[in-house]
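Student: I have a new model open on my screen and would like to learn how to read it. Could we go through it feature by feature?

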Amino acid sequence: MAASLDDDFESDNQDYYSLLNVRKEATLEELKASYRRLCMLYHPDKHRDPELKSQAEQLFNQVHQAYEVLSDAHSRSIYDIFGKKGLEVEGWEVVERKRTPAEIREEYERLQREREERRLQQRTNPKGTISVGVDATDLFDRYDEDFEEIPGGGFPHIEINKMHISQSIEAPLTNSDTAVLSGSLSTHNGNGGGNINMTVRRVTSAKGWGEVELGAGDILGPLIGLKVFRNLTPRCFLTAQCGLQFSPRGLRPSCSLMTARHLDQNTMGYLQWRWGPNSAMTTSLVRDTKSSHFTLALQLGVAHSYLMMSYQYKFQDEDQTKVKGSVKTGWFGTVVEYGAERKISRHSVLSATVSIGVPQGVTLKIKLARASQTYLFPVHLTDQLLPSAVFYATVGPLLVYLAIHRLIIIPYTQAQKEQELELHRKSSSADIAKKKHEAESAVLLMQESVRRIIEGEESKMGLIILNAWYGKFVSDTSLKQEKAKVIDVTVPLQCLVKDSKLILTEASKAGLPGFYDPCVGEEKSLKLLYQFRGAMHQVISADTESLRLPKQSHRIESES
């Protein structure tokens, strides 16, 4: 099932495809065939016992609801993108029914925004950055003879020489207006200052917005600024900005203009002009794909001119690991940077970058991003290009990370996952009990049909399910203390046999009639022992794998 925008959609989200045992690409004819078969099985009029009749009516309604959603192209598109809860959002009835999934997603997001407007008006979006600069040049650039007469001179002197703290919050004022309050404090070698800014942004239309900024500080003085954004075409946008700084040296006006264009699906081109204290013209090309990120930039200016190229490779792993490198050369010299980034928890990303430059020297930059807060620790190691500094800046953080990852992060994340899994089990225990009761009721309703199916299959030596188990199997002898969590699904699978064939789709088997999830949040598999043409067959299949029976590869060779 397609992932929804909110994690909440994953709960209480019945899989209609699994319930009908059809592919996600199933045609209307396939849906009708499965629907008719299940209706014949669960129709309330086939059962005289009041309890069985009530259970059959409940299952019949579930099947009918699944068919109604999947047989309607409009509802099916919504369900495929957002799941069952997406159908519960008010406003779909006024949406044009001839829309693509992309248009439906856009409409859904609009409806969600309208539903959440009141709550959004009470929220803030805090963002912050803390940067602590460390001067560790004494580790590599010191002269031992300078410290011979100083007590304690044998130890390198490491100090914090600069610090920067910034924070911002924003609050919606109306549906189109947002206020942003931000401030920052900086200090460097004993000298520092701060500033505070107030910005009001108004969304004028779907194509643009504008904002006014007012600022004050003890370094540069008061500031008045105006910024405008506008979509010129679906592939091109423009940003214009102007400001007036009231500095001790007089008025300092500034202006900038930037235009950007989508060159293709993954590539953007930027052109920026700045006039003011740092006048320059900059052009850049940015290409971002699923596996890589590439940037090429050229700036021409009186004070700063440079050529920069960077490349980032994205590994397709669970931790979202990235390795990156860049080269930048200009009037200031040349800087080469390389580093790596990795997700260490659900909300935290850690990165380390080594910067080697002339005449800047060697600097190690550690960055931790947690939610909307960012922590930076630039450690300046040496003003010279020393191989020892480069080596320790590269190997040191890697060894420290590996040790912390193995001794702290892995145990912590495992404990956190187990805790979340246990909480999920407790919170869904009532739902599991309900699903279990429904599955047991479905098995009772299947008994008569299964008896007829077995008689028909035996008459032609067809497919007979002897034993079927679904859940978590424990086969490793080192896990003897852990019990297997499985349920018997022989009857439900035999009920799905038609013309000596059993076909299961790629959806989770927990949604099939007569099934339920015996071990929520854990990996499950399906184990079958069946007979076909008098020969024994056996197969173990993963929960979300498709399965077709019978197969020659499943046959158990008899010992001669």
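Tutor: Let's start with cavities. On a 1 Å grid over the protein atoms alone, a cavity is a set of points where a 1.4 Å probe fits but cannot get out, while a pocket is an open set with protein on both sides within 12 Å along at least five of seven lines; lining residues have an atom within 4 Å of a point. Grid points are joined across faces, edges and corners, and a volume is the space filled by probe spheres set on the points. Here, the largest cavity has a volume of about 40 Å³. One housekeeping note: this is a predicted model, so local features need pLDDT of at least 70 and side-chain atom pairs count only at pLDDT 80 or more, whereas totals for chains, interfaces and linings use all residues. Residues are numbered from 1 along each chain as its sequence is written, and side-chain values use heavy atoms, with hydrogens and water left out.

Student: How many cavities of 30 Å³ or more does the structure hold, and which residues line the largest cavity?

Tutor: The structure holds one of 30 Å³ or more. The largest cavity is lined by Q55, Q58, L59, H437, E438 and S441. For the classes, count Ala, Val, Leu, Ile, Met, Phe, Trp, Tyr, Cys and Pro as nonpolar, Asp, Glu, Lys and Arg as charged, and the others, Gly among them, as polar. Helices α3 (50-71) and α7 each supply at least two of the lining residues.

Student: What counts as a helix or a strand, and how many of each does the protein have?

Tutor: Both are DSSP runs, numbered from the N terminus: helices are H or I with at least four residues, strands are E with at least two. The protein has eight helices and 23 strands.

Student: Now the open sites. What is the volume of the second largest pocket, and which element gives the most to its lining?

Tutor: Its volume is about 960 Å³. The lining of the second largest pocket takes seven residues from α2, which gives the most. Look for N21, S34, R37, L496 and I503, which lie nearest the centre among the 34 lining residues. Elements that supply at least two residues each include α1 (16-20), α2 (28-42) and α7 (429-459). By class, this lining has 18 nonpolar, five polar and 11 charged residues.

Student: And the strands: which sense do β6 and β7 pair in?

Tutor: Two strands pair if DSSP finds at least two bridges between them. Strand β6 (residues 223-233) and strand β7 (residues 236-247) pair in the antiparallel sense over 10 bridges. Find G225, which stands opposite G243 in β7. A hairpin of two residues joins β6 to β7. Then β7 carries on to strand β8 (residues 250-262), again through a two-residue hairpin. This second pairing is antiparallel over 12 bridges, with R252 in β8 as the bridge partner of Q245.

Student: How do I read aromatic pairs?

Tutor: A pair of aromatic rings is described by the distance of the centres and the angle of the planes. Rings of Phe, Tyr and Trp (its six-membered ring) pair if their centres lie within 6.5 Å; planes under 30 degrees apart count as stacked, over 60 as edge-to-face and the rest as tilted. The count by this rule is nine aromatic pairs. Take Y17 and Y79: their ring centres are 6.1 Å apart and the planes at 40°, so the pair is tilted. This pair links distant parts of the chain, with Y17 in helix α1 and Y79 in helix α4 (residues 73-82), 62 residues apart.

Student: Are Y17 and Y79 buried or exposed?

Tutor: Both are buried, meaning under 20% relative accessible area, with exposed over 50% and partly exposed in between (1.4 Å probe, protein chains only). Y17 and Y79 also form one aromatic cluster with Y16.

Student: Let me finish with a single residue. Where is H554 found, and which residues does H554 touch?

Tutor: H554 is in the segment after β23 (547-549). H554 is buried because its relative accessible area is 9%. Contact means heavy atoms within 4.5 Å. Not counting residues up to four places away in sequence, H554 touches Y530, M536, H537, Q538, V539, L547, R548 and L549.
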